[in-house]
Amino acid sequence: LFEAVIFDLDGVIVSTDNYHFLAWGRMCEEEGIKFNSEINHRLRGVSRMESLNIILENTEKQYSNLEKEQLAKRKNDYYRNSLSSLSDDDLLPGVRSVLDYLKNKGVRVAIGSSSKNTPMILKQVKLNNYFDAVSDGNDIVNSKPDPEVFLLAAKKLGIEPEKCLVIEDAMAGVEAAHRGRMKVAAIGDAANSSQADYILGELEDLKKVIN
Ligand code: G6P
Ligand code: MG
């Protein structure tokens, strides 16, 4: 049924979703802006500047475009600082096993992530040469829930969207996959979504979907 699996990165392959949370949290604390895990929930899969705009809905303060760029840069500096100690120990449970399983089955594997830090992360976790295609925040104009990043991944693989399965932990990503005519398996934060085609209690459950 599926010829390729397109993985989201943050919160699916690697536990960097928590580092995003901590970095935004630090910036917000310094600025006196309200921030909590409910607000963070809405940032999953969403680009850096769009994330900042969502965060700024919680303050009366007005920031100029230049100030907004500086806030986003400050957050990204904190975030990249935490990435420098990232290693393959930070791969989420089941990642190695599932990737090897798919390779053995001849299923192509790709990354579809809104993050501009994707190349650095893949390098830190030693997966920079593993995927058949990588489509990330550096390649796209519109981030999830727009399907652009997934459609580009399919195009890079040379496989029709209908034959791709997306793995996502973000609601924005579940919507993006569907808008790209792809099926989607939800895990983690998105796993209680009624929108997903498959729900994965853990990543290893993917072996039951692709068998
Ligand atoms: C992923 C994460 C988002 C993040 C986005 C941009 O989609 O789930 O939380 O905002 O990437 O990340 P970046 O590393 O480019 O700031
Ligand atoms: Mg994610």
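The UniProt record, in an unreviewed entry, lists Asp8, Asp10, Glu168 and Asp169 under "binding site"; UniProt positions are given in the numbering used here, feature names are shortened, and annotations may be inferred rather than shown by experiment. These residues span 162 residues in sequence, yet no two of their C-alpha atoms are more than 9.2 Å apart, so they gather at one spot. The structure is a predicted model, in which local features need pLDDT of at least 70 and side-chain atom pairs count only at pLDDT 80 or more, while totals for chains, interfaces and linings use all residues. Residues are numbered from 1 along each chain as its sequence is written, and chains are lettered from A and ligands numbered from 1 in the order in which they are written.

Two of the listed positions were examined individually. Asp8 lies in the loop between E1 and helix H1 (16–31), where helices (H or I, at least four residues) and strands (E, at least two) are DSSP runs numbered from the N terminus. Asp8 is buried, since 32 other C-beta atoms lie within 10 Å; a residue counts as buried if 20 or more other C-beta atoms, placed from the backbone, lie within 10 Å of its own, as exposed if 12 or fewer do, and as partly exposed in between. Beyond residues up to four places away in sequence, Asp8 touches Gly45, Gly112, Ser113, Ile167, Glu168, Asp169, Ala170 and Gly173, contact being defined by C-beta atoms, placed from the backbone, that lie within 7 Å. Glu168, in turn, belongs to strand E4 and is likewise buried, with 32 other C-beta atoms within 10 Å. With neighbours within four places in sequence left aside, the contacts of Glu168 are Asp8, Val12, Gly173, Val174, Ala177, Val184, Ala186 and Ala190.

Ligand 1 is surrounded by 17 residues, of which Arg48, Ser114, Ser115, Lys116 and Asn117 are the closest; a residue is near a molecule if its C-beta atom, placed from the backbone, lies within 6 Å of it. The shell comprises three nonpolar, 10 polar and four charged residues. In this classification Ala, Val, Leu, Ile, Met, Phe, Trp, Tyr, Cys and Pro count as nonpolar, Asp, Glu, Lys and Arg as charged, and the others, Gly among them, as polar.

The strands are arranged in an open sheet of six, in the order E3-E2-E1-E4-E5-E6 and with parallel pairing; two strands pair if DSSP finds at least two bridges between them. Strand E3 (133–135) and strand E6 (198–200) are the edge strands, each pairing on one side only. From one strand to the next, the twist averages 25°, with axes taken as lines fitted to C-alpha atoms, for helices over the stretch in contact, and angles running from 0 to 180 degrees between N-to-C directions.

Strand E1 (residues 4–7) pairs in the parallel sense with strand E2 (residues 108–112) over four bridges, and four bridges also join E1 to E4 in parallel. Towards E2, the bridge partner of Val5 is Val109, and Phe7 stands opposite Ile111. In E4, Phe7 has Ile167 as its bridge partner. In a regular strand the side chains alternate between the two faces of the sheet. Both faces of E1 are covered, with Ala4 and Ile6 buried on one side and Val5 and Phe7 buried on the other.

Helix H8 (residues 171–179) lies across strand E4 (164–168) and strand E5 (183–187) and runs at about 170° to E4. Helix H7 (residues 148–157) is mostly covered, with seven of its 10 residues buried, namely Val149, Phe150, Leu151, Leu152, Ala153, Ala154 and Leu157. These buried residues pack against E1, E2, E3, E4 and H8. Just after H7, Gly158 adopts a positive phi of about 75°.

Further backbone features occur in the loops. A cis peptide bond with omega of about 15° joins Lys144 and Pro145, and Pro145 lies in the loop between E3 and H7. Lys126 has a positive phi, near 60°, in a residue other than glycine; Lys126 is located in the loop between helix H6 (118–124) and E3 and is exposed, with 11 other C-beta atoms within 10 Å. For Arg181, also a residue other than glycine, phi is positive and near 65°. Arg181 lies in the loop between H8 and E5 and is partly exposed, with 14 other C-beta atoms within 10 Å.

Terms used
Contact = placed C-beta atoms within 7 Å.
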